[in-house]
Amino acid sequence: MDLRIFTEPQQGASYDDLLAVARATEDLGFDAFFRSDHYLAMGDGDGLPGPTDAWTTLAGLARETSRIRLGTLVSSATFRHPGVLAIQVAQVDQMSGGRVELGLGAGWFAQEHAAYGIPFPAKRFGLLTEQLEIVTGLWGTPVGERFDHAGEHYTLTDSPALPKPVQASPLDASRAGVPVIVGGNGPTRTPRLAARFGAEYNQSFPELADVPGRIARVREACVEVGRDPGTLVQSVALVLCVGRDEAELARRAAAIGREVPELREHGIAGTVDEAAARLRELEAQGVQRVYLQVLDLHDLEHLQLVAEQVGTQLR
């Protein structure tokens, strides 16, 4: 099972904070460093020193790390025009030597759009679908050919479809592309998008009892479009809170403003053995990759504990 570190910088983090976590992620043997793509803190926090842009951050980390995968969980289709997003992601992929992944979703947080003057249409699923068509279409267009798109939301005319990512598309090795992560909990449309565009289907903070059913639905969607369901990676994102003993667990829970019983019920949380058992349970349900949501970015000892005492049990 791949274990990835997932951060929420909008809650209050500088680039240097994120760099420290990314370096720890790499040094401790985790598979990847991912971050949310938000511009406004949620809850009661002040969000100081203010938001950091996801793709600006990842561009910096691309040059300051060497092994780990880098990406968003997930970028909002409302934030960037798809042509610009395709250029940004392809460039960061080049800067990283081919280590980038793109999580893309429809967006949901209306307040951050209002706070920064970003349009937030009531219906966004069509917007997301066209963005996926355009981004993957631009990357996959052979060099020397042109790309056109005429849709309800976007029109691209005679595009040279440059630059290209370093990586080949996981869905068609003859074309350029980066792995696309399609996330969401919708029962029908999201699985269909994942089957069509995704290298990975992600469930973000699901009720644990719902995980197998959602995996089954997305596998059915793959069969419907003639795709081998085994080619779609299954992942979940869950909050992380682990302690060597109950006192350390309680201290870490308090630091992120959460209650221990709730964390144990919904996350990768508890003692070292409890966390390992929860991960093995998910693996048995068909989950291949887990994003460990780290909310206290200054507690690097937490990452070390998980790497050395939880991760080793899974190996």
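Entry 1. I began with the buried residues of α7, which are Val211, Arg214, Ile215, Val218, Ala221 and Cys222. These residues span an arc of only 120° around the axis, so they sit on the same side of α7. I kept in mind that the model is predicted.

Entry 2. I turned to the other side of α7. There I found Val223 and Glu224 exposed.

Entry 3. What covers the buried residues of α7? I noted that the cover includes α6 (189-197), β11 (200-204) and β12 (233-243).

Entry 4. I checked the length of α7. The helix runs over residues 211-224, which makes 14 residues. From its first C-alpha to its last it reaches 20 Å, close to the 20 Å expected at 1.5 Å a residue.

Entry 5. I looked at what follows α7. Gly226 comes after the helix, and its phi is positive, near 80°.

Entry 6. I moved on to α1 (residues 15-27) and α2 (residues 54-64). At what angle do α1 and α2 pack? I read an angle of about 45°, and their axes are 11 Å apart. Angles from 65 to 115 degrees would count as roughly perpendicular and those under 35 degrees as roughly parallel. α1 and α2 are therefore oblique to each other.

Entry 7. I looked up the handedness. The crossing of α1 past α2 is right-handed. On the α1 side, the contact is made by Tyr15, Leu18, Leu19, Ala22 and Arg23. On the α2 side, Thr57, Gly60, Leu61 and Glu64 make the contact.

Methods: Residues numbered from 1 in each chain as written. Predicted model: local features only at pLDDT ≥ 70, side-chain atom pairs only at ≥ 80, totals over all residues. Heavy atoms only, no water. Helix = DSSP H or I, 4+ residues; strand = E, 2+ residues; numbered from the N terminus. Expected span 1.5 Å × (residues − 1). Buried < 20%, exposed > 50% of the residue type's maximum accessible area, 1.4 Å probe, protein only. Arc of directions from axis to C-beta. Contact = heavy atoms within 4.5 Å. Axes fitted to C-alpha atoms, helices over the stretch in contact; angles between N-to-C directions. Parallel < 35°, antiparallel > 145°, perpendicular 65-115°, else oblique. Left-handed = near helix turned anticlockwise from the far one by under 90°.
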